Amino acid sequence: FMGGLALGAWAAGRFPLRGSRSLAVYASLELLVAGIAVALPSLFSAFEPLLAGAYADGAAPVRFAIARTAVSLALIGLPAAAMGATFPVAVSWLARLEGISARGERLRGAIEGGVLYTVNTAGAAAGAIAAGFWLIPSLGIRSTTWIAVALNIASACGALWLARTQSPAGQ
């Protein structure tokens, strides 16, 4: 999971985006995460025969480890990479807002980037704490997943709303 986050952040940092296009990419990433979360139970079931076959009678632990790693990378790596890409994409949009790139405004841009990082990290921590200590025990995994999906969709809608209402430089 952490490797997926790092890979997504690295990849997003390699492809600079312009203006509201970065918000559309951000929205797409949030919707991708939501879609995979909805599909994950079915995907786990679909990979069960592969894992059972790789395990067989337990006599081939290397084969099972390779299959388990490949399935984990496929099912956890992709959404984790999408999650990791969201912050650099959001910063890409923030950096192109009117005035932030001006010489006298570099400090303002750094402060706003720091605030974005703080809010992003606090939201991730609050979500992990809420899911682990409150939501899953009281509502179950399925309902907690749907809450997370709704929050991803709300984030995507918020990004699309910002794309329509804000006027980034260079557009």
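Phe 1 sits in the segment before helix 1 (2-14); helices here are DSSP runs of H or I, at least four residues, numbered from the N terminus. The model is predicted: local features need pLDDT of at least 70, side-chain atom pairs count only at pLDDT 80 or more, and totals for chains, interfaces and linings use all residues. Residues are numbered from 1 along each chain as its sequence is written, and side-chain values use heavy atoms, without hydrogens and water.

Phe 1 is exposed, at 51% relative accessible area (exposed is over 50%, buried under 20%, partly exposed in between, with a 1.4 Å probe and protein chains only).

Now follow helix 3. This helix covers residues 61-95, 35 residues in all. From first C-alpha to last, helix 3 reaches 49 Å, close to the 51 Å expected at 1.5 Å a residue. Helix 3 bends by about 40° at Gly 77 (the angle between axes fitted to the seven residues ending there and the seven starting there). Pro 79 follows within four residues.

Next, the aromatic rings. The whole structure holds 2 aromatic pairs (centres within 6.5 Å; planes under 30 degrees apart are stacked, over 60 edge-to-face, the rest tilted). Tyr 55 and Phe 64 have ring centres 5.1 Å apart and planes at 70°, so they pair edge-to-face. Phe 87 and Tyr 117 are also edge-to-face, because their planes stand at 70°, with centres 5.4 Å apart. This pair links distant parts of the chain: Phe 87 is in helix 3 and Tyr 117 in helix 4 (residues 106-139), 30 residues apart. Tyr 117 is partly exposed, at 49% relative accessibility.

Definitions and conventions. Helix = DSSP H or I, 4+ residues; strand = E, 2+ residues; numbered from the N terminus. Expected span 1.5 Å × (residues − 1). Phe/Tyr/Trp six-rings, centres within 6.5 Å; stacked < 30°, edge-to-face > 60°.
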